[in-house]
Amino acid sequence: MSDDTALTTATGRIHLDKQSPAAYQALVRTAETVRTTAAEAGLDRILVELVNLRVSQLNGCASCLDVHTRAALRAGETTRRLGVLAAWRDTELFTPRERAALALAEATTHPADALAQERAYTAARAVLDEDELSAVLWVAITINAFNRVSILSKHPVREQAAAR
């Protein structure tokens, strides 16, 4: 265990991003490539952030929820839709494309449920083209990886002065 307190949390967890910066930077570069891929496929930033947020909700990643809630708001998402995102199936606030992407993101996050995965994939194929489908899957895969880094590192969410 390192003596460098910047590398560990108060609970003794290592900050994976600081302990292994080259690996973390590779993940950051992957995220940048995925963001470009999503934009080139025609996915708007709000849809990408909805996927990031839904996956982060399922995984219970406070750090990623904090980051991507702010990103969604900057992209123009409404607080109303963010407030009901966890129950998106029970609202009429999301478009068919968004609903397909959210179901696919959930299936990607819980891949052991083969039936749900097949249903989500089939539904997504009805409203997303192959580039969009691939981009949604990559966004979900990538945020799942970041969730694990943040959860296992116990990245804190702190109050930020004048940044609400």
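How are helix 3 and helix 4 oriented to each other, roughly parallel or roughly antiparallel?

1. Basis. This is a predicted model, in which local features need pLDDT of at least 70 and side-chain atom pairs count only at pLDDT 80 or more, while totals for chains, interfaces and linings use all residues. Residues are numbered from 1 along each chain as its sequence is written, and side-chain values use heavy atoms, with hydrogens and water left out.

2. Helix 3 and helix 4. The axes of this pair come within 9 Å and cross at roughly 160°; helix 3 and helix 4 are therefore roughly antiparallel to each other. Their crossing is left-handed. Helix 3 contributes Arg45, Ile46, Glu49, Asn52, Leu53, Ser56 and Gln57 to the contact, and helix 4 contributes Cys64, Leu65, His68, Thr69, Ala71, Ala72 and Ala75. On terms: helices are DSSP runs (H or I, at least four residues), numbered from the N terminus. Axes are lines fitted to C-alpha atoms, for helices over the stretch in contact, and angles run from 0 to 180 degrees between N-to-C directions. Angles under 35 degrees count as roughly parallel, over 145 as roughly antiparallel, 65 to 115 as roughly perpendicular, and the rest as oblique. A crossing is left-handed if the near helix is turned anticlockwise from the far one by less than a right angle, and right-handed if clockwise. Contact, or touching, means heavy atoms within 4.5 Å.

3. His68. This residue of helix 4 is buried, with a relative accessible area of 14% (buried means under 20%, exposed over 50%, partly exposed in between, with a 1.4 Å probe and protein chains only). The side chain of His68 makes a polar contact of 3.4 Å with that of Asn52. A polar contact is a pair of N or O atoms within 3.5 Å; within protein, one must be able to donate a hydrogen and the other to accept it, and residues adjacent in sequence count only if both atoms are side-chain atoms. Leaving aside residues up to four places away in sequence, His68 touches Glu49, Asn52, Leu53 and Ile143.

4. Helix 3 and helix 8. Here the angle is about 45° and the axes are 9 Å apart, which makes helix 3 oblique to helix 8. The crossing of this pair is right-handed. On the helix 3 side the contact includes Leu47, Val48, Val51 and Asn52, and on the helix 8 side it includes Val136, Val139, Ala140 and Asn144.

5. Asn144. Asn144 sits in helix 8 and is buried at 8% relative accessible area. Its side chain is joined to that of Arg148 by a polar contact of 2.9 Å. Beyond four places in sequence, Asn144 touches Val55, Asn59, Thr108 and Thr109.

6. Arg81 and Glu98. Arg81 lies in helix 5 (residues 79-84), Glu98 in helix 6 (residues 96-109). Both count as buried, Arg81 at 12% relative accessibility and Glu98 at 8%. A polar contact of 2.8 Å joins their side chains. The side chain of Arg81 also has a polar atom 2.7 Å from the backbone oxygen of Leu93, and the side chain of Glu98 reaches the backbone nitrogen of Thr95 at 2.9 Å. Apart from residues up to four places away in sequence, Arg81 touches Ile46, Leu50, Leu93, Phe94 and Glu98; under that limit, Glu98 touches Ile46, Leu47, Leu50, Arg81 and Leu93.

7. Nonpolar core. The largest nonpolar core has 38 residues, of which Leu43, Leu50, Val51, Leu85 and Val136 touch the most other members. Two or more residues come from each of helix 2 (21-41), helix 3 (45-59), helix 4 (62-75), helix 6, helix 7 (114-127) and helix 8 (130-153). Helix 8 gives the most, with eight residues. Such a core is a set of buried Ala, Val, Leu, Ile, Met, Phe, Trp, Tyr and Cys residues joined through side-chain atoms within 4.5 Å. Leu85 touches Leu50, Leu53, Arg54, Gln57, Phe94 and Leu102, not counting residues up to four places away in sequence.

8. Helix 6 and helix 7. These axes come within 8 Å and cross at roughly 150°, which makes helix 6 roughly antiparallel to helix 7. The crossing is left-handed. Residues that meet across the pair include Pro96, Ala100 and Leu104 in helix 6 and Ala116, Ala120 and Tyr121 in helix 7.
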